[in-house]
Amino acid sequence: MQTISYYDSPFGKILLASDQAGLTGLWFEDDRGYADNLTSEHRLGESSFVKDAKEWLDLYFAKQKPDFTPKLHLQGTDFQIKVWQELMKIPYGQVISYKDLAQKVSSDPKHLPIRAAGGAVGKNHITVIIPCHRVIGANNNLTGYRAGIEKKIQLLELEGINTKLFTNPR
């Protein structure tokens, strides 16, 4: 059974979900993958995991780097989980390219799984906390964010990144 709750962020409403093992989802309302791993059996409430995530979000949206990570329950393939764990290593206020990400998760430097890494980034169920917004395309291109490029830009700017240095559709 999953527990769900809502959070009003400066960038829009967020849905949070958890199960008995940890936070399972965090989606902006306009996320293309909204609630994509939410089970049919869920109830409105606040688990300790959701409370921790809300505390983390309060700090983050106050432009503070949270010094803890809520307990997460990652649900995906082994490769997806490996990519998501690597995303969590990207420092606050910094970005990496999809190619750099692929290099970090590849066991074969001659065959980089750039598209596969990008696909795993796109399947991230716990946005913001697992910072998929910190991944950019080739040639400093701001691309690929399930909640839209505008949200990606807002999150990067919140972290102090000058998005004017990137190629983007804005």
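Q: Is Arg 134 buried or exposed?
A: This is a predicted model, in which local features need pLDDT of at least 70, side-chain atom pairs count only at pLDDT 80 or more, and totals for chains, interfaces and linings use all residues. Residues are numbered from 1 along each chain as its sequence is written, and side-chain values use heavy atoms, with hydrogens and water left out. Buried means under 20% relative accessible area, exposed over 50% and partly exposed in between, with a 1.4 Å probe and protein chains only. The relative accessible area of Arg 134 is 6%, so the residue is buried.

Q: Which residue meets the side chain of Arg 134 in a salt bridge?
A: A salt bridge is a side-chain nitrogen of Lys or Arg within 4 Å of a carboxyl oxygen of Asp or Glu. For Arg 134 the N to O distance is 2.8 Å, and the partner is Glu 159.

Q: How many residues apart in sequence are the parts that Arg 134 and Glu 159 tie together?
A: Helices (H or I, at least four residues) and strands (E, at least two) are DSSP runs, numbered from the N terminus. Arg 134 sits in the loop between helix H4 (114-122) and strand S6 (135-136), while Glu 159 belongs to the segment after H5, so the separation is 25 residues.

Q: Is Glu 159 buried or exposed?
A: Its relative accessible area is 7%. Glu 159 is therefore buried.

Q: Which helix holds the Lys that pairs with Asp 30?
A: Asp 30 and Lys 151 form a salt bridge at 3.1 Å, N to O. Asp 30 is in the loop between S3 and S4, so the pair ties together parts 121 residues apart in sequence; Lys 151 lies in helix H5 (residues 149-158).

Q: What is the relative accessible area of Lys 54?
A: The side chains of Lys 54 and Glu 46 meet in a salt bridge of 2.3 Å, N to O. Glu 46 is partly exposed, because its relative accessible area is 39%. Lys 54 is buried, and its value is 14%.

Q: How many salt bridges are there by this rule?
A: Asp 31, Asp 36 and Arg 146 are linked in a network of salt bridges. By the rule given above, the count comes to six.

Q: Which residues make the nonpolar surface patch?
A: Patches are made of residues with over 30% relative accessible area and no salt bridge; like charges are joined within 9 Å, and nonpolar side chains (Val, Leu, Ile, Met, Phe, Trp, Tyr) within 5 Å. Tyr 34, in the loop between strand S3 (23-28) and strand S4 (42-44), counts as partly exposed at 33% relative accessibility. The patch covers about 310 Å² and is made by Tyr 6, Tyr 34 and Leu 44.

Q: What is the radius of gyration of the protein?
A: The protein has five helices and six strands. The globule rule, 2.2 Å times the number of residues to the power 0.38, is compared with a radius taken over C-alpha atoms. For 170 residues the rule gives 15 Å, and the protein is close to this, so it is as compact as a globular protein of that length; its radius of gyration is 16 Å.

Notes:
Accessible areas come from the Shrake-Rupley method with a 1.4 Å probe; for residues, only the protein chains shown count as cover.
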